[in-house]
Amino acid sequence: MSEPTITGDSAAAIADSVRDLIAAERLRPGDPLPPVRALAVRLGVNRNTVAAGYAALAAAGFVETRRRAGTVVRALVPVAGEGAEAAGGAVNLADGNPDPELLPDLPGLQGYSTVLYGSAGIDARLSRWAEEHVVPDAGGGTLVLTHGAVDAVERVLSAHLTRGDAIAVEDPCFLSSIGTFRLNGYRAVPVEVDAHGMTAEGLAAALRAGVRAVVCTPRAHNPTGASLTEERARRLRALLADHPEVLVIEDDHFSALARTPYRRVTPAATARWALVRSVSKFLGPDLRLGMTVCDPDTAARLRARLTAAAWVSHVLQHLVAGVLTDPATPERLDHAARVYASRRRLLTDALDARGLPWLPGADGVNVWIPLADAPEPAVVADLAGRGWAVRPGSAFTLTRRSAVRVTTSTLLPEQAEAFAACLSAILAPTDQERPCSPA
């Protein structure tokens with residue numbers, strides 16, 4: 001087959017030619033485009049014309065620029081998610097799931113009536129519950145339903161941003177958020193997370209770098225379990241108050257199960273904002289419903305994208321409303337929250353007893369264990385060989401720090417002790433190692 005030939009005498013024509021070659025599979029992911037200067041000479045155009053064509057292709061996500069490799073055709077970005085499997089019967093401390101035994105039973109569809117085109121977008125019972133339990137935390141705003149928290153964050157970002165825009169992102173970061181940013185072509189600017197959540201120093205640096213949006217987890221941060229203190233939230237609000245044009249998204253994914261209070265980081269001056277709460281962690285991952293409270297302009301943009309063909313199913317809304325309004329639900333959720341906190345503490349106490357470091361987050365179902373100089377792949381593989389499946393920390397970070405994330409939602413007391421002993425044996429081996437495989 002002959003070499004693919006790019007044609008055109010304008011930036012738009014050059015970009016269209018490359019797109020046609022990609023569509024015909026004559027240019028494939030990873031294939032390089034000719035250097036700007038060389039193509040300009042061959043086409044008899046100014047090099048700025050070729051550069052503008054390549055820039056348009058990059059903005060649309062067809063190509064990417066690599067320093068030494070030049071401009072290459074962009075491959076589809078692989079996206080990781082929760083739900084990792086454990087091979088060979090290993091104890092699964094990697095999947096990020098809630099404990100199925102702690103999820104409320106779903107009611108039937110008694111009282112449901114068929115919903116047709118043109119009907120109200122939000123179930124009346126669900127709307128009343130959200131107006132009482134979600135909207136007040138945001139200080140008011142407009143309620144919009146989405147298909148879960150990840151869908152909400154992606155829709156809010158796409159409503160206001162374009163490819164190449166910079167976003168302040170927690171580092172380490174929620175796994176699915178990393179995929180969302182990459183797929184949409186946003187430039188993630190890492191902001192360090194410590195025991196109290198997103199750091200003020202890191203956010204200040206990101207704002208100086210010109211980010212157009214901030215995505216923050218106010219409590220039970222995944223993967224670290226960090227929650228904002230009031231002092232930290234106040235400092236973040238003060239920084240954001242000087243940048244009212246920056247979009248602020250708060251992903252309060254663990255809301256109904258959190259043992260720490262919600263502390264808002266969005267200042268009153270912020271023009272575009274969203275508070276996102278899904279039901280996945282406390283009602284079940286298959287209930288793809290997110291309650292998003294946002295400013296009126298953002299709400300209008302979301303509704304414009306959630307057209308009649310994309311509303312959140314009223315069958316789903318009916319089920320969720322039935323659980324949320326069940327008088328027994330608050331007690332069940334409180335029980336689940338206490339159990340999760342206890343299981344997380346089982347592991348952190350066992351780590352403390354062996355002098356193993358962990359980021360002292362205060363909430364959630366995950367524990368973040370830094371590995372310092374230990375090689376992460378080797379540690380993860382060694383744990384797997386001893387019967388423990390964990391998630392490598394590098395999957396959650398933009399700066400590739402070595403760590404492991406351990407999900408404690410189903411952890412048993414004897415497992416916590418055995419896991420800590422096993423990790424200690426790997427990180428500080430001795431001649432007197434005790435057995436540390438799962439019972």
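T292 has a relative accessibility of 0% and therefore counts as buried, a term that stands for under 20% relative accessible area, with exposed meaning over 50% and partly exposed the range in between (1.4 Å probe, protein chains only). The residue is found in strand β11, residues 290-294, where strands (E, at least two residues) and helices (H or I, at least four) are DSSP runs numbered from the N terminus. Leaving aside residues up to four places away in sequence, T292 touches T142, L143, V144, T146, A152, A274, L275, V276 and L302, a contact being heavy atoms within 4.5 Å.

The model is predicted, so that local features need pLDDT of at least 70 and side-chain atom pairs count only at pLDDT 80 or more, while totals for chains, interfaces and linings use all residues. Residues are numbered from 1 along each chain as its sequence is written, and side-chain values use heavy atoms, with hydrogens and water left out.

The protein as a whole contains 14 helices and 15 strands, and its C-alpha atoms fill a box of roughly 70 × 65 × 45 Å along the principal axes. Its radius of gyration is 24 Å, which agrees with the value near 22 Å that a compact globule of 439 residues would have; this radius is taken over C-alpha atoms, and the globule rule is 2.2 Å times the number of residues to the power 0.38. Buried residues make up 51% of the 439 residues, and among contacts with a separation of 6 or more, 73% come from residues 24 or more positions apart.

Two packed helices are described by the angle between their axes and the distance between the axes. Helix α5 (residues 149-160) and helix α10 (residues 296-305) pack at about 105 degrees with axes 10 Å apart, the axes being lines fitted to C-alpha atoms over the stretch in contact, and the angles running from 0 to 180 degrees between N-to-C directions. The pair is therefore roughly perpendicular, the word used for angles of 65 to 115 degrees. On the α5 side R155, V156, S158, A159 and H160 take part, and they meet D297, T298, R301, L302 and R305 of α10.

S255 lies in the loop between β9 (247-251) and β10 (273-278), and because its relative accessibility is 15%, S255 counts as buried. Beyond residues up to four places away in sequence, S255 touches R219, R277 and F282.

Most residues other than glycine have a negative phi, and most peptide bonds are trans.

The peptide bond from D171 to P172 is cis, with omega near 5 degrees, and P172 lies in the loop between β5 (166-171) and α6 (175-183).

According to the UniProt record, an unreviewed entry, the annotation "domain: HTH gntR-type" covers residues 8-76; UniProt positions are given in the numbering used here, feature names are shortened, and annotations may be inferred rather than shown by experiment. Over residues 8-76 the chain is 49% helix and 12% strand, and the end C-alpha atoms are 26 Å apart.

Note on methods. Angles under 35 degrees count as roughly parallel, over 145 as roughly antiparallel, 65 to 115 as roughly perpendicular and the rest as oblique.
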